[in-house]
Number of protein chains: 2
Amino acid sequence: MSLQIIKPKNIIDLGVGQPDPNLLPTSLFQPLTFHGQDLAYGEEAGDSTFRQTLAAWLSVDYGKPITADQLIVTNGSSSALNMICAQFAKPGSTVLVEDPTYFIALNLFAERGINVVAIPMDDEGIQLDALDCALQQHQPAFIYTIPSYHNPTGITQSHERRQALVALAKKYQCLLVADEVYQSLYYQKKPPPPLACYDNDAPVLSVGTFSKILAPGLRLGWIQGEGAPIQKLLRSALLKSGGGLAPVTSALVGPLIANGEFQAYLASLRQTYQIRLDTLYEGLKTSMGDKLQMTKPEGGYFLWATLADGSHVASKLAVAEKKGVNFLGGALFSANQGYASSMRLCFAWYGVEELEIACERLAQVFRG
Amino acid sequence: MSLQIIKPKNIIDLGVGQPDPNLLPTSLFQPLTFHGQDLAYGEEAGDSTFRQTLAAWLSVDYGKPITADQLIVTNGSSSALNMICAQFAKPGSTVLVEDPTYFIALNLFAERGINVVAIPMDDEGIQLDALDCALQQHQPAFIYTIPSYHNPTGITQSHERRQALVALAKKYQCLLVADEVYQSLYYQKKPPPPLACYDNDAPVLSVGTFSKILAPGLRLGWIQGEGAPIQKLLRSALLKSGGGLAPVTSALVGPLIANGEFQAYLASLRQTYQIRLDTLYEGLKTSMGDKLQMTKPEGGYFLWATLADGSHVASKLAVAEKKGVNFLGGALFSANQGYASSMRLCFAWYGVEELEIACERLAQVFRG
């Protein structure tokens, strides 16, 4: 399901967490000229010109100075998380995650034999008291957090929460891995900066990607950080053997950032997704009223909705399919078997008209 | 050193195992048209049209029928080996390798806490008696072998050796991982087919890449196999999360295979490298005579040369630098601390004129 490219005819699948194929900027990538160095084994951290270009854009977008040497170019955020697991965890290690969290991160940890301890969240993100206890109790390989427009809840950590979280990671010298793939998908005001921008002496790696803001097929992303964690990643045998992870795709994207076409595309994407978010949120308020509890996110891909009566959404999946709508049940995202009454609804994959229909269909599904 | 793009001025570095930057086909990649699906999350195994195109070329090149469903598209062979380690080995596992073997594979295994047992080679490849003993003694996660134009020795496994090797892997149900990155770089007659072509019921994965035959900066390769090992790779969380590993670069290369431009480029590359191999081999015979023992490889990147007097090449590295030449000492490739009198000389990175000078300089280094 996660890899469908052609939208199915009879169902509006709000479970798909992907950009709308109709929004992918095929025309941006022409004309194209490769230079010899784009085709060769590249620098381990990624082409330095590309990293400078990327750093310049990130500095503007984050409102914080980022330098090229704080960046490692990756094959998207999945590859980045995979690399981080390989370097910083092993079977039997413990990773602290949010409850709920990105379900495929849970798959990735499970596949590697990594134990997961899930820390509750509130409306400012991961709860620090519970995190502090867990840091004392376990010796985690790292903390995995999604600070902005959290997947699946849409919650954005406040500035104060981020400061305290980074301070805690520093105090315990525990690596903090921030999955920031939605960071630049703000629809009105910017979120606070990525966690790696808070304290250069804290062990923090922020993972970014072009998948949600340009095109997932590029498999192009970055890890931002300082000091020992970045140096450890740069010494990995994978980079020693293959060189930079993405010379050709960096060469495709670099010019689009340098000439501003990427930024213009991203601005239009923010407008489009804002309208879609409004449509889904208002549509569900209209069609379902107080049967559904929601907090409207300020960016990202996902609206998190919880049945007010506490009934379980999974029991309605068959009805939903019959009615022609789909969603991901909250339990999928919980390492603690929680959130059975919640669902993750993606507003990025469909246009306004289909989202309006989906709201009607969801209301029918949960009517009785 | 392994990532230099601009050749250093005063030294001819035969230690660099890279394609000559002057041979990289920058003009092949124009014009370019992406379709929406190239930019989206792709099929886990890689775009099916691309895999069909790749399979059709491999079928011709290998002289064996290959189908699209036997292929997983990867980010080059390093990424493939990394994926295979993640899925089939863990800290404390044992991997059987050849002695000598690709040194960065040794780094990769060490980094993951994987133990290595090195099996001696003869002039037909890995020695099967020793391998059989090791298979009985250890329960290896897999066997790692380089069948064609072995790195560093240049040895190519005979057809009979391949048959027996695959039969042994099947008998012990031990995964056989064949690093076939030089398979298509034959200069006269083709080598026997990749190990994954021998027995569809044996647990074999053959790793291929466009790095040596088109452009390393693409980070584009493939894993060829059947049954359980391929299915296990396809279920990995990395693919579930990010989809196909290389949608955009597949879209760049597919048309070049379909229209034959890639094959024409590869044919010219074979001619160029044949001449360079001849130059290095004949040059060293002339300049060093029977001081050096060599077997001329029939493809690949490397000439393996051993000092007849048994002295250690490492002691000459400082002199070599002074004379303006470099090589990789054989000990680097040996998990058994062997091969100190051997060196790996790459003939792909430099043109004829520089290779001739290098032969003279090497003779001076080892003169006295």
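On the surface of the predicted model, A:Glu353, A:Glu354, A:Glu356 and A:Glu360 form a patch of negative charge. Patches consist of residues with over 30% relative accessible area and no salt bridge, like charges being joined within 9 Å and nonpolar side chains (Val, Leu, Ile, Met, Phe, Trp, Tyr) within 5 Å. A salt bridge requires a side-chain nitrogen of Lys or Arg within 4 Å of a carboxyl oxygen of Asp or Glu. Lys and Arg are taken as positive and Asp and Glu as negative, whereas His and the chain ends are not counted; each charge is placed at NZ of Lys, CZ of Arg, CG of Asp or CD of Glu. A:Glu353 is classed as exposed because its relative accessibility is 61% (buried, under 20% relative accessible area; exposed, over 50%; partly exposed, in between; 1.4 Å probe, protein chains only).

A patch of positive charge on the surface comprises A:Lys291, A:Lys322, A:Lys323 and A:Arg367. Within this group, A:Lys322 is located in helix 11 (residues 317–323) of chain A and, with a relative accessibility of 79%, is likewise classed as exposed. Helices (H or I, at least four residues) and strands (E, at least two) are DSSP runs numbered from the N terminus. Accessible areas were computed by the Shrake-Rupley method with a 1.4 Å probe, and for residues only the protein chains shown count as cover.

The bond between A:Asp99 and A:Pro100 is cis, with omega of about 5°, and A:Pro100 lies in the loop between strand 3 (94–99) and helix 4 (103–111) of chain A. A cis bond also leads from A:Asn151 to A:Pro152, where omega is near 20°; A:Pro152 occupies the loop between strand 6 (142–145) and helix 6 (159–171) of chain A.

Positive phi angles occur at residues other than glycine. A:Gln173 has phi of about 50° and is situated in the loop between helix 6 and strand 7 (175–179) of chain A; its relative accessibility of 56% makes A:Gln173 exposed. For A:Tyr339, phi is about 60°. A:Tyr339 lies in the loop between strand 13 (328–329) and strand 14 (342–346) of chain A and is partly exposed, as its relative accessible area is 30%.

Residues are numbered from 1 along each chain as its sequence is written, while chains are lettered from A and ligands numbered from 1 in the order in which they are written. For this predicted model, local features need pLDDT of at least 70, side-chain atom pairs count only at pLDDT 80 or more, and totals for chains, interfaces and linings use all residues; side-chain values use heavy atoms, with hydrogens and water left out.
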